[in-house]
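Me: I have a model open and would like a close look at a single part of it. Could you walk me through that part and then show me how the surroundings look?

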Amino acid sequence: MLFDRRRLSLEWRLWRREPMPWLLAALFIVAAAYAVANGLAWTAARQRAIVLADAENQRQFAELRTGAAALAHSGRTPRPFDVPASPGLVALFSPRYAALAPAPLTVLSIGESDVMPSYFRVTSERRDSFMDAEEIDNPVNLLNGHLDLAFVVVTLLPLLALVVAHTIVSVDRENGSLRLILAQAVSLRTHVAHRLAVRGLLLLGLVCAAVGAGVLASGAAPDARLVAGIGAVSLAATASIVAWLAVGAVISTRGPSSAANAVGVMVIWLVATNVIPTAINLIARWRYPVPPRMSLIERTRALDSEVRLHVVELLDAYYDAHPGEKPSGLNTAQYNFPLYWTAIQAEVDRRMAPILEEYDTALARQQSFVTRWAWLSPALVMQELMNDAAGTGVVRFQQFIAQVSAFHAEHRRFFEPRTFRLAFLAADDYDRMPRFAFQEEPVAALMRRLGVDLLAMMGWAVAALAFARRVLDRPTL
Amino acid sequence: MAASLATGWSDAVRARRERASAQVAMRQQWETQGDKNPHSAAHYSIFAFRPRPPLSFVDAGIDPYVGIAVWLEAHKQNDFRYRPARDSTAASRFGEATAVFVLQILLPLVLIAFVAPVVTGEREAGTYLLLLATGIGPRQMMTGKMLGVSLALALLVAPAAVAGGLVLVSAFGINADLLERAALMALGYTAYLAIFVGLGLIVSSLSRSSRIALATLLVFWVANSVVPRIMSDLASRRYPLPSSAEMVNAMNAQMREGVDGHDPENARTDELRASLLAQYGVTDERQLPVNFDGISLQAGEEYGSAIFDRFYGELWTQIRRQNRLRLTGAVVSPLAAIQPWSLALAGMDWMHQERFAAAAETYRRRLVKTMNEELSYRSQAAPYEAVQRGREFWLAMPDFTYTPPPLSDVLHEVRGAALMLAGWLAAIAIGCVLAAGQIGRVFKW
């Protein structure tokens, strides 16, 4: 057996007499409780925004449907600007909300959900006009970030592990008891392993309790995604604790003094949680620069102006390609707002597609670079893992954006032919209108990503343990 | 420090160049938009690009979290679009390689490591008694230690500060306002770092060992770094902001009740039409000596402006309340005081954003009004497409210009942060005096 229960018990009885475990537990519990409360509040606020938006959207469309039914009932021929009957105007002025509901584990990590919108107002306007809208927030709050459970696990947990481990050998060396310990029939490695195990178990217990409390408080229904998320977070947290305790033990064994070790662990913590992620981000930005958004605005406006000059030709080309759809007596040269608007937006969108592709590609390459090199920083890997488990990671937002783009195209396919035929919307057309529902990726895809991050965390743990073992076998006396 | 200044400088210069070029391009597009109805021109309008002040190379502040541009179109007070944070990877949330990170986070850590053992170390090395034997009192020793540490810090920071100053002068010339802002920013950071030096000395004087001193100071350093984050969350919960959808829907609901300029069956439009017909003593819109569409559009604008003022006024007030609440964190965290000071002097805080948004909105209303009045009073009832204006008219519309708030306004805005920093300095000074008197009692030999 690797660990002796009696030794573990002895170590715990020794440690619990110190103020450290209680201080540490109190600090963690306060931080985790605050973080869980924050995560719950954040999830509730996001959920509320979506529910309100959806309720308003349903009210608006119910009103339009009633209007269209009343118009049909009156027997009057609708006029082009009768909104409930005009497909062009409904498509433009009555946006459909496409929302991404918070995932069950959002309570664990706010992740990217504070900068990425959780809903879009889809209209017949070109894609970028609604996809680049931003959610309201105080920018200084965004700059400071949030204290969520991910922050506790990614940033504070390594710090606590380092705090309990950085004196694990040096204190004995400084008070002269290290030689006595080494004179026992037990190796320093075993002695330190038992000490660290007690500390690690306390930390792990606290993390699991915090995650469990967060999940229970959120009231999430158990399913495969939830179980995969909780399992991955718990295992990765275990690996993180092991890795950081081992790093602390190495510094404690080789460092010159407990005071110097404290500075050493802070520097290592800062490098892992800040310097490496920042460096990876800088390199990604340098290698795959996203073109300036200012030039996108310029190019879009120039394109829009150019297309407006040729709107009649565009309409003629459409009717030539769809001969059965041209209404009799329609003069395309005569200004017709819904018709012109629809044609212009569709054409600008078509021509904008390769330009927007440049931005999406650069961003995807940056993110892919970061994911590829994230293993260099356990903090970065852990954050990505927690974001993925919580459904607030980059991948889920990319999937959301892709699905909204597809919905936009479907929305267009519904309204455009009706607009070009100068048809009117009947009440039952409102029942056939496309609606957005986000499709989650298969659980297997999520588990694959979580698995890769988990492997990276375990790699760190194994490497740190191997290094610690080597160092502990040859301690500095 | 040098690397972060260089990165910040390169980003800021590129961003300033891109913005300047985009603003010029906007004006060119406006002037060459071709012949069209003035109201169509009000829809085309321009984008206003958020400026990047020179000192943003030291502190880019809220730049990643605010859209870079706002579309000043008819009928709507739009929000800013294209947050740079959305064009970044998840790794960017761990921080950016900026000078403020070095000044606010890294240097205090270096100082702590440096200062924690300065008094305890004398005892541990057995040199304290020797020092006393030379006739030096504890206060003199504290003063000497403080001067020594400060000098070392100055040697560390001065080259970067001088380099930063030279870069500023070479790029923007001897600009009194800019130099004053830079000097005040430097003063703030001097105070911030002095707090760490003083606190380090106090803790070192009162601790029994370097290890305890260091541990105490590290706990403070962590708390200092985390408190602004905690306060941000507290502020968000104490003064919640509406979601974008909530605000848009609420504004739309109010707009529907008024003249919207595009709905001829709207009751308010009918009322406006009736009053105009009565005013000019005619019975038909086509007999009016003015263009009813233009007047109706402008009436819709004015009604909408009142709604926007109310909603955005409430939103901005709520954000200011959040910022004030966040500042109370400065009681335990000097970072919560230096952050608003630095952001404001760099021109990258909420106040600068609010002023710019207000200036852009004022321009939008002026532009739309000019277009609507051209339609109202210089073209009688005519089909929409028949009313056309061209380049000459577009040229007559003044360009959008923005003057950042004067330094006096900035200082007024950060008076709370200045008071907090001053309070910390005063407390540290008193603490140093008291701690000097305690050195002998702590060292029981």
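How many residues of helix α6 of chain A are buried, and where does α6(A) bend?

Reply: Happy to take you through it, with the reminder that this is a predicted model. Helix α6 of chain A runs over residues 149-165, which makes 17 residues. From its first C-alpha to its last it reaches 22 Å, close to the 24 Å expected at 1.5 Å a residue. To your first point, 16 of the 17 residues are buried, so the helix is mostly covered, buried being under 20% relative accessible area. To your second, α6(A) bends by about 40° at A:Leu156. A proline, A:Pro158, follows that residue within four residues.

With a relative accessible area of 13%, A:Thr167 is buried. Leaving out residues up to four places away in sequence, A:Thr167 touches A:Ser252 and A:Ser258, and also B:Arg211 in the other chain.

Now to the packing around these parts. In soluble globular proteins, nonpolar side chains tend to be buried together. The largest nonpolar core in this model has 163 residues. The members that touch the most other members are A:Phe28, A:Leu108, A:Leu149, A:Met386, B:Leu55 and B:Trp221. Helix α10 of chain A (residues 224-254) gives the largest share of this core, 16 residues. Apart from this core lies another, of 67 residues, with A:Val290, A:Tyr359, B:Leu72 and B:Tyr312 among them.

Not counting residues up to four places away in sequence, B:Trp221 touches A:Met266, A:Trp269 and A:Leu270 from chain A. From chain B, its contacts are B:Ile105, B:Pro108, B:Leu109, B:Ile112 and B:Phe196.

B:Gly200 has its place in helix α7 of chain B (residues 176-206), and at 1% relative accessibility B:Gly200 counts as buried. The C-alpha atoms of B:Gly200 and B:Leu111 are separated by 7.9 Å, although the two are 89 residues apart along the chain. Setting aside neighbours within four places in sequence, B:Gly200 is in contact with B:Val115 and B:Leu217.

A:Gly219 follows α9(A) with a positive phi, near 70°.

Positive phi values turn up in residues other than glycine as well. A:Leu422 has a phi near 55° and is found in the loop between α16 (394-420) and α17 (427-432) of chain A. At 35% relative accessibility, A:Leu422 counts as partly exposed. In chain B, B:Tyr82 has a positive phi of about 65° and lies in the loop between β2 (69-71) and α3 (99-115). B:Tyr82 counts as buried, at 7% relative accessibility.

The rings complete the picture. Over all chains the structure holds 30 aromatic pairs. In one of them, the rings of A:Tyr97 and A:Tyr119 have their centres 6.0 Å apart and their planes at 55°, so the pair is tilted. This pair links distant parts of the chain, with A:Tyr97 in strand β1 (residues 96-99) and A:Tyr119 in strand β2 (residues 119-122), 22 residues apart. Both tyrosines, A:Tyr97 and A:Tyr119, are buried. A:Tyr335 and A:Tyr340 form an edge-to-face pair, 5.3 Å centre to centre with 80° between the planes. Here A:Tyr335 is partly exposed at 37% relative accessible area, whereas A:Tyr340 is buried at 10%. Ring pairs also link A:Phe120, A:Phe400, A:Phe407, A:Phe436 and A:Phe438 into a cluster.

The charged end of A:Arg301 sits over the ring of B:Tyr44, 4.0 Å from its centre. Within chain A, the charged end of A:Arg418 sits over the ring of A:Phe414, 3.9 Å from its centre.

Conventions. Residues are numbered from 1 along each chain as its sequence is written. Chains are lettered from A and ligands numbered from 1 in the order in which they are written. Side-chain values use heavy atoms; hydrogens and water are left out. A nonpolar core is a set of buried Ala, Val, Leu, Ile, Met, Phe, Trp, Tyr and Cys residues joined through side-chain atoms within 4.5 Å. Buried means under 20% relative accessible area, exposed over 50%, partly exposed in between (1.4 Å probe, protein chains only). Helices (H or I, at least four residues) and strands (E, at least two) are DSSP runs, numbered from the N terminus. Contact means heavy atoms within 4.5 Å. The expected span of a helix is 1.5 Å times one less than its number of residues. The bend at a residue is the angle between axes fitted to the seven residues ending there and the seven starting there. Rings of Phe, Tyr and Trp (its six-membered ring) pair if their centres lie within 6.5 Å; planes under 30 degrees apart count as stacked, over 60 as edge-to-face and the rest as tilted. A charge sits over a ring if NZ of Lys or CZ of Arg is within 6 Å of the ring centre and within 35 degrees of the ring normal.
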